[in-house]
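I opened the model and kept notes as I went. The entries follow in the order I looked things up.

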Amino acid sequence: MSLEIKVMRVDKGDCMWLRYGGETKTNIIIDSGTAGTSNEFKNIIDSVEQLNEVVDLLILTHIDGDHINGFNKYIEKNDCEIIKEVWFHGKGAKAYLSSGAHSPRSAPLLLDKMKDKKIEITEVYKHDKYIINNAEFYLLTPTKEAVVKVGEVIDKVYKPHVGEIHNQDLDYIYEKDNYEKDTSDTNAASISFLFTYNDKCIAFLGDAHAEDIIDDDNEILTKAHIDFVKLPHHGSPYNVSEELIKFLGCSKFIISTKQTVEKKTIARIVHAVDKCTIYCNYAWFSRNSYFTNNDKEKYIKTGKLIMKELIRDEFWKIGDEND
């Protein structure tokens with residue numbers, strides 16, 4: 001009974017391969033990255049094919065290009081028979097006309113392509129529960145209202161992520177911090193879920209809003225012992241609040257991005273938990289002056305904050321002592 005994760009290097013996008021099971025293995029792909037990194041998605045498919053297995057489920061968390069365009073490029077040249085089911089919300093996306101980098105204009109085209117290939121498409125919503133090869137998938141987001149809104153309104157202008165100077169201490173940044181929540185409608189419609197298998201629980205949070213995940217009345221979520229959290233929206237400070245970190249009660253986090261993560265996010269994490277480990281598919285944190293000398297003395301050298309780069313193209317075996 002094994003559980004492995006491979007976090008692909010897809011620039012600023014998301015693409016993860018989840019493989020688990022005993023004699024019968026199940027392959028789940030979560031998002032497909034950007035068009036420019038589509039080979040990473042194709043490499044997963046090729047590997048699954050070489051194992052004489054199938055992709056049991058492809059989860060496209062939402063319609064932003066850095067999550068769907070790897071698959072969008074792949075589907076143009078392949079029959080996709082190896083992919084048995086896709087979770088995707090693409091209806092109504094024709095309302096979007098923006099040509100920006102995160103424009104969802106390709107979503108309706110992708111939906112049509114999947115229908116042409118006769119791929120099974122499932123729409124999933126908050127509180128839905130699925131069992132796949134003894135693993136439980138429990139949906140945290142989105143609500144139907146959030147998905148409908150995405151399909152009805154014209155794409156809003158995205159709030160730019162302003163560059164941040166990283167030469168200030170984590171403690172100073174935390175003292176000056178003022179959390180602003182994400183206002184993107186497409187992110188509000190992102191799929192996020194709890195994955196539970198073999199006594200391990202992982203929260204895959206897509207690009208969901210922190211406020212939509214936090215739910216004190218959700219008995220399944222509040223009672224869950226979460227071992228790992230894939231942080232929403234590539235670790236954006238607009239999606240990762242201190243309240244969210246405390247609510248989830250976890251100390252091990254995954255960030256998928258090539259872009260340097262705003263230091264506000266790290267400051268919130270180290271002040272929300274006593275000790276934490278952050279796993280990254282790129283070593284953006286090793287760039288010059290990201291951590292100050294004070295940061296290194298107080299957090300890095302004491303083990304309160306451990307930053308780990310995941311080895312490229314290697315599965316990460318969940319449950320190993322070196323998690």
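Is α10 mostly covered or mostly open, and how many of its ten residues are buried? I checked, and α10 is mostly covered, with eight of the ten buried. I keep in mind that this is a predicted model.

**Entry: helix α10**

I listed the buried residues of α10: K263, T265, I266, A267, R268, I269, V270 and A272. Then I asked what they pack against. Among helices, I found α5 (170–176), α9 (242–248) and α11 (293–300). Among strands, I found β12 (252–255), β13 (276–280) and β14 (305–309).

**Entry: nonpolar cores**

Next I looked up the largest nonpolar core, which has 41 residues. Which members touch the most others? I noted I226, V229, I266, I278, W284 and L305. Helix α10, residues 263–272, gives the most to this core, namely five residues.

I then found another core lying apart from the largest one. This other core has 33 residues, including M8, I44, V55 and I83. As background, I recall that nonpolar side chains tend to be buried together in soluble globular proteins.

**Entry: strand β3 and its partners**

I moved to β3, residues 25–30. Five of its six residues are buried, so I logged β3 as mostly covered. Which strand pairs with β3 in the antiparallel sense? I found β2, residues 16–21, with six bridges. R19 stands opposite N27 in β3. A hairpin of three residues joins β2 to β3.

I also checked β4, residues 57–59. β3 and β4 run parallel and are joined by three bridges. I29 has L58 in β4 as its bridge partner. I traced the chain from β3 through helix α1 (residues 38–50) to β4, and this β-α-β crossover is right-handed.

**Entry: D215**

Last, I looked up D215, in the loop between α7 (210–213) and α8 (219–223). Why does D215 count as buried? Its relative accessibility is 15%, and the cut-off for buried is under 20%.

I searched for polar partners of the D215 side chain. One of its polar atoms lies 3.1 Å from the backbone nitrogen of D217. Leaving aside neighbours within four places in sequence, I found D215 in contact with K126, H127, T222 and F247.

Note on methods: Residues are numbered from 1 along each chain as its sequence is written. This is a predicted model: local features need pLDDT of at least 70, side-chain atom pairs count only at pLDDT 80 or more; totals for chains, interfaces and linings use all residues. Side-chain values use heavy atoms; hydrogens and water are left out. Buried means under 20% relative accessible area, exposed over 50%, partly exposed in between (1.4 Å probe, protein chains only). Helices (H or I, at least four residues) and strands (E, at least two) are DSSP runs, numbered from the N terminus. Two strands pair if DSSP finds at least two bridges between them. A crossover is right-handed if, with the strands pointing away from the viewer, the path from the first strand over the helix to the second runs clockwise. A nonpolar core is a set of buried Ala, Val, Leu, Ile, Met, Phe, Trp, Tyr and Cys residues joined through side-chain atoms within 4.5 Å. A polar contact is a pair of N or O atoms within 3.5 Å; within protein, one must be able to donate a hydrogen and the other to accept it, and residues adjacent in sequence count only if both atoms are side-chain atoms. Contact means heavy atoms within 4.5 Å.
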